[in-house]
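Hi,

Please find the structure below. My notes on it follow.

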2 protein chains.
Amino acid sequence: MPRVGLNQQTVVREAARLADEVGYQQLTLAALASRLGVALPSLYKHVRGADALAQKLSALATAELATELTAAAVGRSCGDALRAMADAYRDYAHRHPGRYPATQRVPDPTDPQHVEAGERAVGAIFAVLRGYGLTDDDSVDATRALRSALHGFVSLEAAGGFGLPRDVDRSYHQLIAGLDVAFRSWPRVRGIVDQADQP
Amino acid sequence: MPRVGLNQQTVVREAARLADEVGYQQLTLAALASRLGVALPSLYKHVRGADALAQKLSALATAELATELTAAAVGRSCGDALRAMADAYRDYAHRHPGRYPATQRVPDPTDPQHVEAGERAVGAIFAVLRGYGLTDDDSVDATRALRSALHGFVSLEAAGGFGLPRDVDRSYHQLIAGLDVAFRSWPRVRGIVDQADQP
DNA sequence: ATCGTTGGCTAAGTGTATTAGCTTTACGGC
DNA sequence: GCCGTAAAGCTAATACACTTAGCCAACGAT
């Protein structure tokens, strides 16, 4: 029985490819093992189990996404940067439908590469928002808002949640344009929010 | 062996309760059967299988959510309606952490109640946006934007995606305030988008 | 009272994840 | 070049989850 010569990286990479083909939920150790030409239990020599594989896949996908988000924003600012980053985000989800859901897993604190990837991804968003003059609490709120909008749109789209015939690209760009407007008036808006909290 | 006296409704209702307790992903036919005091295969007398149960649960949760969204918006308009509806949305997700994910399943066209529930939910959002003067394509875009923002925020929050200590309620209200600003300037913004599409 | 429908059951089969323990390959040191 | 060992593969067995088949008893209508 000749050895296949696997290691953790090859296993996780192949898991990513398989997930993109069959879907994140359909990624199974059995399918992965057969794809790699080994028996299922052999995978445990490289990965602690199904959950650990999902975590490693998350680290991989998050790192890829962070790199692409950063690349999209470099050399641009404000609206230009926001549009470029938003397009890169959705584009990644389209090109990697199986990896994208993995990026939503919260980084494992015991995996430095995973943590670093998550920080890079959030950092890329943070950087764009700094271009709008947003800092401190404002930038935290804005980061959450942007992540929510991007992830929400992409995941609804992937789930087939947009039934009407209206062009989905158009709706996405309109959403981004709306966020641009919101971020431009963010501190002013915040004043209104604070004010509304007072009785 | 005395009969328990189940029917589809009691099974689905109990599934909803169980999902809220243990989580949507942890909802299992085995756990549901034991909770109902019945052997697992007996459930098949009331539900076609695990997937059909998930679909029925989706119909139930979507109907509940639609009712609460509608109730929140009645008698209000624009920013008031938007805030009330957004709060109701997130509140439902908090009160029913196991049902909420079920609402994201696309309605089954062969289940009239499911379809009706989905239409009511989207209709409630549509109605609020009409208060902003948005119609036709604009309202489709805006509905998608609002759904994306609400779902994205709630699902990131549920996943534990917001690590920083900044108050999450504040961030949510800020997001809603930002959407209010965006919707007020929606048609104007749309002109910019259309313009950007030209070379 | 009985007959048919229906709601429950047990048994059995499939697919996935996991653990235990064995075998053999490949490599580094001598 | 040989050999010892760590690691990479394997088979076997366990634990769940979902599903189907087929049996039996309870309940309602006649």
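Chain B can be laid on chain A with an RMSD of 0.0 Å, by a turn of 180° and a shift of 0.0 Å along the axis. That is the relation of a two-fold axis. The superposition is by least squares on the C-alpha atoms of residues with pLDDT of at least 70 in both copies.

This is a predicted model: local features need pLDDT of at least 70, side-chain atom pairs count only at pLDDT 80 or more, and totals for chains, interfaces and linings use all residues. Residues are numbered from 1 along each chain as its sequence is written, while chains are lettered from A and ligands numbered from 1 in the order in which they are written.

Chain A

Chain A has eight helices and zero strands. Helices (H or I, at least four residues) and strands (E, at least two) are DSSP runs, numbered from the N terminus. The C-alpha atoms of chain A fill a box of roughly 70 × 40 × 40 Å, taken along the principal axes.

Two helices were checked for length. The expected span is 1.5 Å times one less than the number of residues. Helix H3 of chain A (residues 50–73) has 24 residues. From first C-alpha to last it reaches 35 Å, close to the 34 Å expected. Just after H3(A), A:Gly75 takes a positive phi of about 80°. Helix H6 of chain A (residues 136–158) has 23 residues and should span 33 Å; its end C-alpha atoms are 33 Å apart, which agrees. A:Gly160 follows H6(A), and its phi is positive, near 75°.

Where the chains meet

The contact takes 36 residues from chain B and 36 residues from chain A. Two residues are in contact if their C-beta atoms, placed from the backbone, lie within 7 Å. On chain B, helices H6 (136–158), H7 (168–184) and H8 (186–197) each supply at least two residues of the side that touches chain A. The largest share, twelve residues, comes from H6(B). By class, this side of chain B has 18 nonpolar, eleven polar and seven charged residues. Ala, Val, Leu, Ile, Met, Phe, Trp, Tyr, Cys and Pro count as nonpolar, Asp, Glu, Lys and Arg as charged, and the others, Gly among them, as polar. 100% of the interface residues of chain B are also interface residues in chain A, so the copies meet through the same surface.

The DNA

22 residues surround DNA strand C. The closest are A:Leu29, A:Gly49, A:Ala50, B:Ala39 and B:Ser42. A residue is near a strand if its C-beta atom, placed from the backbone, lies within 6 Å of it.

DNA strand D is surrounded by 23 residues, and the closest are A:Ala39, A:Ser42, B:Leu29, B:Gly49 and B:Ala50. Here H2 (29–36) and H3 (50–73) of chain B each supply at least two residues of the nearby surface. The classes are 14 nonpolar, five polar and four charged.

Inside chain B

The axes of helix H1 (residues 8–22) of chain B and H3(B) come within 9 Å and cross at roughly 80°. That makes H1(B) roughly perpendicular to H3(B) (65 to 115 degrees). H1(B) brings B:Val12, B:Ala15, B:Ala16 and B:Ala19 to the contact. H3(B) brings B:Leu53, B:Lys56, B:Leu57, B:Leu60 and B:Ala61. Eight of these contact residues are nonpolar, none polar and one charged.

Best wishes

Terms used:
Axes are lines fitted to C-alpha atoms, for helices over the stretch in contact, and angles run from 0 to 180 degrees between N-to-C directions. Angles under 35 degrees count as roughly parallel, over 145 as roughly antiparallel, 65 to 115 as roughly perpendicular and the rest as oblique.
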